[in-house]
Amino acid sequence: GADLLVEEAVGPLSAGQREVAGILRRNGLQLQKLIDNLLGFSRLQTQSPAFSPTAVDLSHLVQQVVTDQRPAIRKKELNLQLTLNAVQLTGDAERLRIIVDNLLSNAVKFAPLQGTVRISSGADPQQVWLQVEDSGPGIASEERDEVFQPFVQGSAQAIGPLRGTGLGLSIVRELVQDHGGR
């Protein structure tokens, strides 16, 4: 319904109505993401869904996630810097997408207005790596192990009105471990 309002499918909207419709749409998408994280976490705890390894182009996957998050990146006027080397790996494409999505969501959430988010990837003979950095406050060194536990959030406050569940990094850790990574 919010999408229909934003697209003015039910008729023209005033500037104020467009703004409210946009807020409804963004909040609906954020709520959907939180529900997906909760359901995904619950599924990981009760049963491990079938692992479906395929050939995955990591840079293409990152580009897809960036496209999905472009509205949030624009809203905060972030400087997005991508240094993506051509990397092919074998993994579960959906799980890898969730990893990248959660990491980028965190970076966008904690980066200050007009801050920077950097994503880089590469490979060497022993490993594939993905690095997501933001110009936000960072994670205190004494909290770095804890923030990967379910429902644990670091002391740094997200910049903006949205609060998380403390599940994103926990899900990332589990999915990375499913791939034999760290």
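The backbone oxygen of K109 lies 3.3 Å from a polar atom of the K76 side chain, a polar contact (a pair of N or O atoms within 3.5 Å; within protein, one must be able to donate a hydrogen and the other to accept it, and residues adjacent in sequence count only if both atoms are side-chain atoms). This is a predicted model, in which local features need pLDDT of at least 70 and side-chain atom pairs count only at pLDDT 80 or more, while totals for chains, interfaces and linings use all residues. Residues are numbered from 1 along each chain as its sequence is written, and side-chain values use heavy atoms, with hydrogens and water left out.

K76 sits in the loop between α3 and β2; helices (H or I, at least four residues) and strands (E, at least two) are DSSP runs, numbered from the N terminus. K76 is buried, where buried means under 20% relative accessible area, exposed over 50%, and partly exposed in between (1.4 Å probe, protein chains only). Even so, K76 has no salt bridge, a term for a side-chain nitrogen of Lys or Arg within 4 Å of a carboxyl oxygen of Asp or Glu. The nearest side chain of opposite charge is that of D134, 8.1 Å away; Lys and Arg count as positive and Asp and Glu as negative, while His and the chain ends are not counted.

E77 is found in the loop between α3 and β2 (79-84), and E77 has a positive phi of about 55 degrees although it is not a glycine. E77 is partly exposed, with a relative accessible area of 46%. L78 lies in the loop between α3 and β2 as well, but at 12% relative accessibility L78 counts as buried. Leaving aside neighbours within four places in sequence, L78 is in contact (heavy atoms within 4.5 Å) with I73, V108, A111, P112, Q114, G115 and V117. The C-alpha atoms of L78 and V108 are separated by 7.9 Å, although these residues are 30 apart along the chain.

Q114, one of the residues that L78 touches, is found in the loop between α4 and β4. Q114 also has a positive phi, of about 65 degrees, without being a glycine. With a relative accessible area of 55%, Q114 is exposed.

Attention now turns to the interior. A nonpolar core is a set of buried Ala, Val, Leu, Ile, Met, Phe, Trp, Tyr and Cys residues joined through side-chain atoms within 4.5 Å. The largest such core has 25 residues, of which V66, I73, L104, V117 and I119 touch the most other members. At least two residues of this core come from each of α3 (58-75), α4 (93-110), β4 (116-124) and α5 (168-178). For I73, the residues touched are V66, L78, L80, L104 and V108, not counting residues up to four places away in sequence. In soluble globular proteins, nonpolar side chains tend to be buried together.

Helix α4 has 18 residues and reaches 26 Å from its first C-alpha to its last, close to the 26 Å expected at 1.5 Å a residue; the expected span is 1.5 Å times one less than the number of residues. Buried residues of α4 include R95, L96, I99, V100, L104 and V108. At the start of α4, a side-chain oxygen of D92 reaches to within 3.1 Å of the backbone nitrogen of E94.

A search of the whole structure finds four salt bridges. One of them joins R95 and D92, the closest N and O atoms being 3.7 Å apart. R95 is buried at 7% relative accessibility, and D92 is buried with a relative accessible area of 7%. The side chains of D178 and R95 also meet in a salt bridge, at 2.7 Å from N to O. This pair links distant parts of the chain, with D178 in helix α5 and R95 in helix α4, 83 residues apart. D178 is partly exposed, at a relative accessible area of 33%. Together, D92, R95 and D178 are linked in a network of salt bridges.

Another salt bridge is formed by E8 and R18, with the closest N and O atoms 3.2 Å apart. E8 lies in the loop between α1 (2-6) and α2 (15-46), and R18 in helix α2, 10 residues apart. E8 is partly exposed, with a relative accessible area of 28%, and R18 counts as partly exposed at 39% relative accessibility.
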